[in-house]
Amino acid sequence: MKVIYVWDALCGWCYGFGTVLEAFLARHPELELELVSGGLIPTEMLTVKAHPYIPEANQRITNTYGVRFGSAYEQAIRGKGLRVSSFHTAWAFGLLRKQLPKAQHLALAKAMQTAMYAEGRSLSELDTYRPILRQFGLSETLLLPELGKALRKDDTMHPDFSRARELEAEVYPTLLLEYQGELYLLSEGAALAEEVELRYQQIIAD
């Protein structure tokens with residue numbers, strides 16, 4: 001059995017839902033995990049002026065999941081903004097996950113989102129990835145040049161985008177269970193730990 005997590009590094013609800021998924025997987029070590037990057041945001045500058053709903057949405061995310069949005073992030077989006085691109089993040093995540101065992105893929109996703117939402121760093125900037133590489137014991141010498149190439153793919157679709165469409169995932173986060181050759185929806189959008197657990201138990205019981 002495995003769960004398939006369709007997410008986007010630029011999705012604030014995914015930032016919050018990561019805490020639910022961590023807890024769920026800790027209870028179910030029998031489950032393999034596959035992360036699939038979606039294509040939420042084209043290349044742009046993320047600002048409150050352009051997206052005035054962001055502060056309210058972030059407060060709802062905090063209220064739901066308890067995660068915090070750092071002051072550096074809030075200052076950035078209220079000022080000149082953060083450069084964002086789901087193309088960049090999908091290619092960067094895809095490159096780094098190849099270097100790590102599957103058991104660390106969710107931690108990698110968390111590290112990327114922490115860099116943006118807690119520390120106010122752009123995931124389209126190469127320097128953002130230096131501490132992430134060090135965190136996972138990866139070679140800066142080998143991987144920074146490759147990451148630089150990934151962050152120049154402004155309009156190149158990552159294969160994960162096609163995979164997300166095949167899975168019919170149109171909302172982030174989407175969590176699916178692959179069980180006995182079939183796919184089942186565990187959650188879509190905002191969901192709490194008890195809701196995910198209840199759905200999982202219903203599926204395996206049937």
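**Close-up views of the predicted model**

**View 1. Glu168 is exposed, with a relative accessible area of 64%.** Exposed here means over 50% relative accessible area and buried means under 20%, with partly exposed in between, as computed with a 1.4 Å probe on protein chains only. This is a predicted model, in which local features need pLDDT of at least 70 and side-chain atom pairs count only at pLDDT 80 or more, while totals for chains, interfaces and linings use all residues. Residues are numbered from 1 along each chain as its sequence is written, and side-chain values use heavy atoms, with hydrogens and water left out. Glu168 lies in the loop between helix 8 and strand 5, where helices (H or I, at least four residues) and strands (E, at least two) are DSSP runs numbered from the N terminus. Although Glu168 is not a glycine, its phi is positive, at about 60 degrees. Most residues other than glycine have a negative phi, and most peptide bonds are trans. The loop between helix 8 (159-166) and strand 5 also holds Pro173, and the peptide bond leading from Tyr172 to Pro173 is cis, with omega near 0 degrees.

**View 2. Gln180 is found in the loop between strand 5 and strand 6.** Gln180 is another non-glycine residue with a positive phi, in this case of about 50 degrees. The residue is exposed, and the relative accessible area of Gln180 comes to 66%.

**View 3. Four strands form an open sheet of mixed pairing, in the order 2-1-5-6.** Strand 2 (32-37) and strand 6 (182-188) each have a single partner strand and stand at the edges, so one side of each is left without a neighbour in the sheet. From one strand to the next, the twist averages 25 degrees. Helix 9 (residues 193-205) packs on this sheet and touches strand 5 and strand 6, and the direction of helix 9 makes about 160 degrees with that of strand 6. Angles run from 0 to 180 degrees between N-to-C directions, and axes are lines fitted to C-alpha atoms, for helices over the stretch in contact.

View 4. Two strands are taken to pair if DSSP finds at least two bridges between them. Strand 1 (residues 2-7) is joined to strand 5 (residues 174-179) by five bridges, and these two strands run antiparallel. Along this pairing, Lys2 stands opposite Glu178, and Tyr5 stands opposite Leu175. Six of the six residues of strand 1 are buried, so the strand is largely enclosed by the rest of the structure. Lys2, Ile4 and Val6 point one way, whereas Val3, Tyr5 and Trp7 point the other way, and all are buried. Towards strand 2 there are six bridges, and strand 1 and strand 2 run parallel; here the residue opposite Tyr5 is Leu35. Between these two strands the chain passes through helix 1, and this β-α-β crossover is right-handed, a term used if, with the strands pointing away from the viewer, the path from the first strand over the helix to the second runs clockwise.

**View 5. Helix 1 (residues 12-27) and helix 5 (residues 105-118) pack at an angle of about 145 degrees, and their axes are 10 Å apart.** The contact (heavy atoms within 4.5 Å) is made on helix 1 by Gly12, Cys14, Tyr15, Leu21, Glu22 and Leu25, and on helix 5 by Leu106, Lys110, Gln113, Thr114, Tyr117 and Ala118. The residues of this contact divide into seven nonpolar, three polar and two charged.

**View 6. His105 and Met116 are two places in helix 5, His105 and Met116.** His105 is buried, with a relative accessible area of 9%. With neighbours within four places in sequence left aside, His105 is in contact with Leu35, Phe93, Arg97 and Leu100. Met116 is likewise buried, with a relative accessible area of 1%. When its own neighbours within four places in sequence are left aside, Met116 is in contact with Leu10, Leu46, Tyr73, Leu82, Val84, Arg121 and Leu123.

Terms used: Ala, Val, Leu, Ile, Met, Phe, Trp, Tyr, Cys and Pro count as nonpolar, Asp, Glu, Lys and Arg as charged, and the others, Gly among them, as polar.
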